[in-house]
Amino acid sequence: MTTLAFDASADPILQRRTEIQRVAAASLKRRKRSSRIAIGVCWAFLGIAIVPLVAVVAYVVVKGLPAWNVDFFTKSTVPEGIPGGGVWNAIVGTAEIGLIATAVTVPVGLLCGLFLAESDGRIAGAIRFTADVMTGVPSITIGIFGYIAIVITVSGGHYSALAGAFAIGIIMLPVIMRAGETAIRGVPNHLNEAALALGARNATVARRVVVPAAMPGIITGVLLAVARGLGETAPLLLTIFGNQFLQWNPTKPMEALPLVIYNYSSQPYADLLQIAWGAALLLMVVVLVLSIGSRVLAAVLQKERR
Amino acid sequence: MTTDDNPLPGGARRGSRFALPNSAYRAILGAVAAVFVGLVGWFLVSIVLKAQPAFSTLGFSWIVQKTWDPTHDKFGLLPFILGTIETTAIALVLAVPIGLGTALALAYLVPHRLRAGLSTTVELLAAVPSVVYGLWGLLVLAPLYRDYVEPFLTTVLGWTGLFDGTDQGVGLLLAGSILFVMILPTMVAISRDVLAVVPNEQVEGAMALGATRWQVLRKVVVPGARTGILGGFTLATGRALGETVAVALVIGNSNYIAHSLKSPAATLPSLIVNNFGEATGTELSALFGAGLVLLVIGVGVNALARVLVRNVASTGGAASVAVA
Amino acid sequence: MIEPTTPPPVAEGVALDTAQVLLDPPLGEPVMSLRDVTVAFAGRNAVRDVSFDVNGGEITALIGPSGSGKTTLLRALNRMHDTVRTASVTGSVMLGETDVYAGSTDPTLLRSRVGMVFQRPNPFPTMSIYENTVAGLRFNGVRKKPLLDEAAESALVAAALWDSVRDRLKAHASTLSGGEQQRLCIARALAVEPEVLLMDEPTSALDPIATKRIEELVGELKHRVTIVIVTHNMQQAMRVSDRCAFLLMGDDKAGELIEFGPTARLFSEPSDQRTLDYVNGRFG
């Protein structure tokens, strides 16, 4: 500590400064140690977080890859106990449901997104809020809706891929709406205004100027929505029922990858479990490719713009 | 750009370019938006209508009865409501500190070169389908829990009374753990986003006053991001509450109230998904009722989350990805 | 006002993470000394070979056109470049008997002795006015309420804020105007009772009236702390400072010290032609 040759107690500022420096020096070790420990804990948590996430991916890859043989991709599912078999019918089902859902949801969602982007009123605000909330609603309740709406009301009790596509579509719709709106709002105003100043009608401006300009954001949003839709299981469980055989007709029950995984996972037969892992790997790869692809695409299209 | 030279009556132009008059354009957009609203309305109405028979037969109190026994016409949702809350609680108790710590590490501690890559990886994991987590949980984690984790926890924490019963692997604890792993990417992604955009001048201001690194993070950075963090937390809660297949696979599916963390249990979603196929009559209606209760809870939590996250997600960052 | 006295003898060889308290600005004595200070980022010099003394109880201004390295140099004085990976600071900076850049000097403790006010007001938005003012004290481990209150009041008085905020200390800092927020930041820095206060263009984000109030404030503060101020406004430097260091970017794109001396002399009869050109407004 310091030694002062005279009495500093007369001046309050000096007194305070001396006291503050004393406290600061005395507490320094403790403060630094607390900081080191707390930061160490953060690092530890980072490690803890990474372990299960990496483990999931690693296990799926390691256990799923051996399942990927020719049969896996070309044969349909077989009942337990019978060897061989694959998930071809499930792949077809997932693809078909995804395509139908996307084909209907994208135009509807984009038009809604356009509506929202061009409106700032209270009704638009309420719709926007509703869409946001809908993206988080439990997917099983949407499955229930699909069951009530299509399986019961429309089909009179028959499960079908269409019901599944309906449910998946309801899940995808608000996502595309909001992504579309965000992308369209992101288009710089001067493009819009220039076109209008030239005398073009709103519809034309939208079709030829704004939507093309918003394409990167729109495509990203659509790809992410599809990735989400393909991975949903609960809605499918209540609507498509599953189908042991290859089925192309969407009005009939169909198989799908998430369904296969779910059904096989509680089976005691090793070959079915193997197929479940393989299907999980396939599903995960598709979803990740779509997610990564959407980012890459967005980045590439952004660069081209500059 | 198209121009409107020589327009025909009705707004159509000659030739192959058809430009809608503005009023028709607005009308079409409005109609499609109305379709969306109609769908949501149909959704709500249909579930309420299908659940209604259960309420008229059983009254309202059945929601909090604790016996679910269709063969004796007894229906009660309490075990499942509790199961839903308990699994979510376990997930949150783990996800909040670990998620926040991870987010802080990603935003401020990890070397700059690695930040973008690691953050993207965590965000991508939010997209992994829940059924994959369920499969992994059942086939990989459940044996681990049965043979190592649960015995260990029972030895160390058995005195709390939370760890009675046999080590089965599947049960409340495993379900909560799987939910934790599933909501972690969401929690981390959103928190990291808001933590990283706390203005640098705040950080510098604190540093210049003599704050240690942790003091800067704890007293300036985290409080500055607290609204967004809360929003992320609420979104994660919403996802955990509604999760169906992953939980159904690992929770053991017992229709009774769980008395310990190791007990098998069930949640509202798992109840519905397990019994929907064969249910008829009052049971089916009760299941619709369970769906309605779940919907109310889910909508409530998500609406709250949206109010909090609204400002964050509109910047189009990871928040919107992790949510989508 | 404090009478100038000779600096007290301080114990030598003491563990250097113990603060060595200097007296209230010993007028005319150097409290900080820079010798051949060079700051480089990723190998490229931003400012080089700067040497001058900062005297106690005075206001020393760093002036020069943009890009001349004034702010970079200022931030080297309280080791703000420590967190920048690519930064390297060479040369010597002494605060009294303490070598600022010695391995044994703790930067956290250093910053309790050398405070900083930034260009744009940066009060902590989630804290109240009171909490902002005592934030620095709390960071340094001070917990006793009487000391916190006393320091806060003294600092807010010195920053000419006390009268307007004394009844709303719990209000959020964001309820203050821009000029008031900057004065809050000054109070926050003062509450820790630093020996030196670094100010980085503190008025450039403020309107003329707020600027004037802060200039008056700074003039009064020099009796309490030694001040080093960066300003790109020549008139401000003339009005406020006792001594000036004029920096200019050289051919190697690094700032260098062209001239250092009493303000009056620098502005009326500078030794260097470049200084003369600058103060006559011929560039910058």
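## Terms and basis

Helices are DSSP runs of H or I with at least four residues, strands are DSSP runs of E with at least two, and both are numbered from the N terminus. The model is predicted, and local features need pLDDT of at least 70, side-chain atom pairs count only at pLDDT 80 or more, while totals for chains, interfaces and linings use all residues. Residues are numbered from 1 along each chain as its sequence is written, and chains are lettered from A and ligands numbered from 1 in the order in which they are written.

## Chain A

Chain A has 11 helices and zero strands. Its pattern along the sequence is α-α-α-α-α-α-α-α-α-α-α.

The C-alpha trace of chain A spans about 100 × 65 × 40 Å along its principal axes. The radius of gyration of chain A is 29 Å, whereas a compact globule of 306 residues would have one near 19 Å. This radius is taken over C-alpha atoms, and the globule rule is 2.2 Å times the number of residues to the power 0.38.

## Chain A against chain B

Two residues are in contact if their C-beta atoms, placed from the backbone, lie within 7 Å. By this rule, 76 residues of chain A are in contact with 78 residues of chain B. On the chain A side, helix α1 (residues 12-64) gives the most, with 18 residues.

The side of chain A that touches chain B consists of 54 nonpolar, 16 polar and six charged residues. Here Ala, Val, Leu, Ile, Met, Phe, Trp, Tyr, Cys and Pro count as nonpolar, Asp, Glu, Lys and Arg as charged, and the others, Gly among them, as polar.

## Domains of chain B

Chain B is assigned domain 1 (9-57) and domain 2 (62-323), with bounds that come from an automatic or database domain assignment. The centres of these two domains of chain B, taken over C-alpha atoms, are 35 Å apart.

Domain 1 of chain B and domain 2 of chain B each put eight residues into their contact. On the domain 1 side, six of these residues are nonpolar, one is polar and one is charged.

## A helix pair in chain B

In chain B, helix α6 (residues 200-208) packs against helix α7 (residues 213-224) at an angle of about 150°, with the axes 10 Å apart. α6(B) is therefore roughly antiparallel to α7(B), a term for angles over 145 degrees. Axes are lines fitted to C-alpha atoms, for helices over the stretch in contact, and angles run from 0 to 180 degrees between N-to-C directions.

From α6(B), the contact takes Gln202(B), Val203(B), Ala206(B) and Met207(B). From α7(B), the residues include Gln215(B), Val216(B) and Lys219(B). By class, the contact of α6(B) with α7(B) has six nonpolar, three polar and one charged residues.

## Chain C

Chain C has 10 helices and 10 strands. Its C-alpha trace spans about 55 × 50 × 40 Å along the principal axes. The radius of gyration of chain C is 19 Å, which agrees with the value near 19 Å for a compact globule of 284 residues.

Helix α3 (residues 129-139) of chain C and helix α4 (residues 145-158) of chain C cross at roughly 110°, and their axes come within 9 Å. α3(C) and α4(C) are therefore roughly perpendicular to each other, the term for 65 to 115 degrees. The α3(C) residues in the contact are Tyr130(C), Thr133(C), Val134(C) and Leu137(C), and those of α4(C) are Leu148(C), Ala151(C), Ala152(C), Ala155(C) and Leu156(C). This contact of α3(C) with α4(C) has eight nonpolar, one polar and no charged residues.

Definitions and conventions
Angles under 35 degrees count as roughly parallel, over 145 as roughly antiparallel, 65 to 115 as roughly perpendicular and the rest as oblique.
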